[in-house]
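Please read them with the structure open.

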Amino acid sequence: MTHHTPQHQIQALIEQIEGLKNNMFEKDFLLTWERTPDEIEAIRLTAYALELMYYNNLTTRAFDGGLAVCNFRDKSTRTRFSFASAASMLGLSLQDIDETKIQVSHGETVRETANMISFLTEVYGIRDDLFIGEGHEYMKEVGDSIDDGYRAGCLPQRTTVINLQCDRDHPTQSMCDLLHLQKTFGSVQALRGKKIAMTWGYSPSYGKPLSVAQSIITMMTRYGMHVVLAHPEGYDLMPGMHDIAKKHAAASGGSFTFVTSMEEAFRDADVVYPKSWAPFRIMQERTKIVRAGEQKKLEALEKTALEENAKFKNWECTEQLMKLTRGGSAHYMHPLPADITDVNCKAGEVSKAVFEKYRYQTYHEAEHKLYAIAAMIINTRFKSAAQVLKKLLDQSHPRRIV
Amino acid sequence: MTHHTPQHQIQALIEQIEGLKNNMFEKDFLLTWERTPDEIEAIRLTAYALELMYYNNLTTRAFDGGLAVCNFRDKSTRTRFSFASAASMLGLSLQDIDETKIQVSHGETVRETANMISFLTEVYGIRDDLFIGEGHEYMKEVGDSIDDGYRAGCLPQRTTVINLQCDRDHPTQSMCDLLHLQKTFGSVQALRGKKIAMTWGYSPSYGKPLSVAQSIITMMTRYGMHVVLAHPEGYDLMPGMHDIAKKHAAASGGSFTFVTSMEEAFRDADVVYPKSWAPFRIMQERTKIVRAGEQKKLEALEKTALEENAKFKNWECTEQLMKLTRGGSAHYMHPLPADITDVNCKAGEVSKAVFEKYRYQTYHEAEHKLYAIAAMIINTRFKSAAQVLKKLLDQSHPRRIV
Amino acid sequence: MTHHTPQHQIQALIEQIEGLKNNMFEKDFLLTWERTPDEIEAIRLTAYALELMYYNNLTTRAFDGGLAVCNFRDKSTRTRFSFASAASMLGLSLQDIDETKIQVSHGETVRETANMISFLTEVYGIRDDLFIGEGHEYMKEVGDSIDDGYRAGCLPQRTTVINLQCDRDHPTQSMCDLLHLQKTFGSVQALRGKKIAMTWGYSPSYGKPLSVAQSIITMMTRYGMHVVLAHPEGYDLMPGMHDIAKKHAAASGGSFTFVTSMEEAFRDADVVYPKSWAPFRIMQERTKIVRAGEQKKLEALEKTALEENAKFKNWECTEQLMKLTRGGSAHYMHPLPADITDVNCKAGEVSKAVFEKYRYQTYHEAEHKLYAIAAMIINTRFKSAAQVLKKLLDQSHPRRIV
């Protein structure tokens with residue numbers, strides 16, 4: 001049947017996007033819970049359409065020049081390359097900010113820098129996840145500064161800020177994971193009633209952001225899933241996160257539960273997501289100590305944190321634990337890189353056997369991130385993503401010449 | 001009337017450019033005073049046309065591939081992003097030179113590096129402003145080396161060097177400022193007879209280049225302005241600068257005067273440009289000391305320089321001083337980042353109240369730089385900028401797809 | 001005659017390429033001796049066609065978006081800019097890997113990183129030439145990892161790895177040098193029977209890779225040249241290299257000989273290629289010491305290596321030695337930067353007089369590298385390079401707008 005051609009599939013997605021109420025134009029994309037269900041759907045469907053276009057060798061250059069700026073204040077592989085890929089597929093030139101090479105050290109304020117880099121900039125991606133209580137605030141300050149310059153007529157366009165992971169949320173990860181689950185189960189409708197276990201996992205390192213767990217429990221509860229969170233005592237998420245997850249679950253017909261053991265979380269789960277993060281209070285303490293420049297206190301704190309972690313080495317995703325899941329074969333997810341026992345550490349979040357079994361799936365999971373970022377760019381930088389996609393589809397210009 | 005459409009405006013600019021005598025093709029753009037009035041006009045008008053095209057969503061990709069290389073030997077925000085933006089809007093790929101990652105440390109000569117990076121390079125932007133008597137010489141050596149390779153048939157094109165700030169001149173800043181003044185006063189004709197005060201300002205840091213002040217007094221005297229320079233004793237500009245300014249003033253019907261106080265400079269000024277720079281002789285001394293690697297002498301010199309600066313804390317642009325200007329409301333200019341009293345320092349070039357009042361104007365001022373750079377690229381890399389603009393206008397290809 | 005127009009020349013090259021048997025699609029380009037004579041010809045002819053297209057202002061954008069990733073684990077000027085230029089001329093966005101900024105330090109494996117950066121990546125260029133026995137192995141591991149992910153359906157395309165210099169081979173250099181010799185002598189056929197002297201040269205530094213010499217003796221023996229290798233005792237190439245050169249010579253009707261003096265090698269040579277490299281055994285030892293982190297041993301070894309080198313200061317390409325070559329005027333080649341006596345060192349590989357005489361030729365030699373890299377990208381990423389070139393030629397879209 002002709003409606004199964006890629007063109008018809010993409011056409012159908014465009015029609016779905018057209019039907020959504022979407023107020024993201026010229027807005028920053030910082031926290032998914034600030035966006036309506038329709039808006040999340042717009043990102044998901046746009047990402048999916050772009051992925052189909054790429055796989056079917058269609059150009060997706062919505063821009064013919066202009067900058068996509070990124071500022072990674074923490075290490076990154078997947079997100080860095082996903083942002084670069086998204087920029088390239090949309091026709092934007094990537095410009096990486098190196099804060100040591102610009103005038104920040106010469107007393108330039110956030111407000112000023114934000115405007116100075118934005119004249120030809122369509123999108124500004126920021127990762128700032130190291131300090132509890134600071135990352136999101138920084139992104140908001142940047143966004144507000146751009147807004148200020150734009151309203152004053154100093155900028156030709158409202159450059160939009162995209163959160164590439166902050167202390168609170170990791171929206172490009174949760175959107176990417178949503179796309180992965182949709183593909184894994186066939187549709188987002190199929191997610192209804194499925195159980196996903198978002199659990200802490202042991203790591204020999206410390207200081208990992210809390211934002212992945214927070215992004216998952218707030219996103220998956222939107223789609224009617226039964227989300228179960230589990231972590232040891234002291235590893236609480238930031239205040240307010242449970243409430244958002246519960247509110248989303250109530251609206252979608254799913255549920256959100258907190259349990260205190262990996263076993264309980266894994267039982268009959270369709271999906272498991274074991275991932276380490278730092279204890280909230282220790283991270284708060286750490287932020288203060290780092291800001292005060294107290295090196296000795298910092299070392300002491302890191303020692304305490306690692307000792308604390310070490311109490312929970314049994315929080316490892318093993319084959320035995322996996323047996324508790326639905327049919328013994330839940331889907332395993334991880335944003336990577338994982339701490340894999342006997343691969344890159346002595347004891348970690350997941351056993352070698354489990355990770356190896358699911359390794360390709362984690363690669364599949366990662367792939368969607370670049371399309372999610374591209375979708376955020378299109379939806380925040382154009383009034384109608386549907387119009388953009390329609391035009392690209394009409395052109396049907398090949399990305400590769402033959 | 002139809003001639004007020006952007007297309008007609010751009011068309012009118014193209015006709016003006018066509019009427020100018022222009023010998024910049026395959027020449028480096030290093031010092032504005034080496035260029036004729038017609039050539040400066042060609043840059044100004046091309047920049048203006050490109051800005052109109054950008055604002056009217058017209059593609060300005062004059063190239064379909066090729067490199068724009070930059071080498072920042074000093075920190076930069078505005079100029080770095082302006083160069084990247086200019087490259088992107090013209091269709092060139094940016095390649096940033098990191099001298100620690102290339103073979104310079106393996107004994108590669110300037111002559112060799114210049115040729116090795118130029119095979120597919122249309123333009124090579126350099127910032128080298130830290131050492132008096134060295135920056136311009138370095139750019140000339142690079143330009144001569146490329147010329148040498150090009151004449152010998154080793155390069156497919158004469159890559160042109162663009163000065164992104166040297167010890168003598170900061171042409172992308174003065175062209176950008178000219179565009180800002182044109183917009184502020186309605187036309188370049190309206191600049192005739194206006195008074196601009198280029199003055200030193202106090203800064204708690206030291207070692208700032210002299211080239212902004214030099215670029216302004218030599219540029220604005222070309223347009224019939226009354227340019228008044230003021231600085232404390234010991235803060236002289238490089239030799240020869242006053243002569244150039246006077247020559248330009250004589251030719252344009254403007255004037256150039258030197259006075260010794262900020263008050264005198266500000267009186268009845270239409271525009272004020274208070275900006276710190278280092279004392280010339282100390283900078284000369286500093287270059288020798290740095291080259292000799294004499295760390296102790298350097299520290300002593302820096303102490304002396306700061307003490308010297310501190311004598312002139314009253315060189316601050318305050319509301320009271322602003323009252324002396326025409327109608328008490330002269331336009332305030334600064335290339336940013338400014339040292340703002342009580343914002344990023346205890347005492348600086350400008351008071352918080354004055355800066356806040358003019359903050360947006362300084363953003364507007366900064367915006368034009370990218371178009372100035374793009375105009376320099378087009379005029380040095382194409383025989384006829386008018387032909388390039390005409391072709392782009394005829395295509396009328398949108399930069400954003402919808 | 002019309003067949004002398006660039007279009008007809010390019011057309012003729014395309015026809016030649018079409019007649020070749022080529023199995024490089026979706027294969028890594030790591031060692032030239034793994035490729036058949038037809039495949040080497042396909043690279044050479046594609047590079048030549050791309051060069052003609054560039055010089056005749058034809059766009060060569062075979063891609064409309066997508067990434068070209070590079071990872072330079074050692075310094076580079078020519079190869080770095082050649083890779084960037086090749087990416088730009090083909091329409092790919094360059095993304096430079098900085099291993100300190102990605103998650104490698106967080107325990108990410110080679111296998112994982114290779115896949116994570118490849119989702120939108122057409123080509124991955126790697127330089128890893130510092131450690132004997134490691135560079136090629138690393139590239140193979142990356143290639144195998146990508147292959148693994150591609151076969152498992154995790155990647156939309158088989159990103160191909162291009163060797164930008166390893167411990168064994170430097171294929172972009174030898175292809176570039178082949179193109180230079182073809183141009184110098186008029187055709188590859190004219191290389192038959194010509195003598196090329198690949199010799200060691202003295203350098204005051206130490207630790208230079210062996211791969212240039214290895215790449216030259218294995219490449220030029222393919223084209224019927226009489227290749228003579230000369231080096232002091234202790235400066236042997238890696239095992240197996242002579243055999244490959246001999247096999248190639250036997251197949252092409254050329255020859256491969258080893259002699260122990262520069263004089264003997266230079267006698268009646270049509271081309272001389274004096275270039276320093278490190279002693280093989282010392283480099284092997286060095287790799288072990290570096291891996292063990294034995295700083296003191298390393299310093300001792302470096303001292304030994306430099307003392308060893310110093311015994312052979314007479315291995316310098318002088319005017320007197322050049323007199324021994326055919327007609328006293330052999331062509332001089334060097335991949336640059338050279339150690340030039342009295343220019344960037346007291347005693348080096350070549351005298352100032354000889355280098356100055358041939359300086360422009362070394363620039364010409366360097367130019368072809370970017371087209372060689374672009375040809376490797378096209379041949380490994382498209383089933384038919386001929387089809388790509390034909391399409392580009394049919395379009396005849398100008399690279400520069402006027």
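In which sense do strand 5 of chain B and strand 8 of chain B pair, and over how many bridges?

1. The two strands pair in the parallel sense over 4 bridges, strand 8 being residues 271-274. Pairing here requires at least two DSSP bridges between the strands; helices (H or I, at least four residues) and strands (E, at least two) are DSSP runs numbered from the N terminus. M198(B) stands opposite Y273(B) in strand 8 of chain B.

2. This is a predicted model, in which local features need pLDDT of at least 70 and side-chain atom pairs count only at pLDDT 80 or more, while totals for chains, interfaces and linings use all residues. Residues are numbered from 1 along each chain as its sequence is written, and chains are lettered from A and ligands numbered from 1 in the order in which they are written.

3. Strand 5 of chain B also pairs with strand 6 (residues 226-230) of chain B, in the parallel sense over 5 bridges. There A197(B) stands opposite V228(B). Together with helix 7 (residues 211-220) of chain B, these strands make a right-handed β-α-β unit (with the strands pointing away from the viewer, the path from the first strand over the helix to the second runs clockwise).

4. In strand 5 (residues 195-199) of chain B, 5 of 5 residues are buried (20 or more other C-beta atoms within 10 Å of a residue's own, C-beta atoms being placed from the backbone). K195(B), A197(B) and T199(B) point one way, and I196(B) and M198(B) the other.

Conventions. Buried ≥ 20, exposed ≤ 12 C-beta atoms within 10 Å, placed from the backbone.
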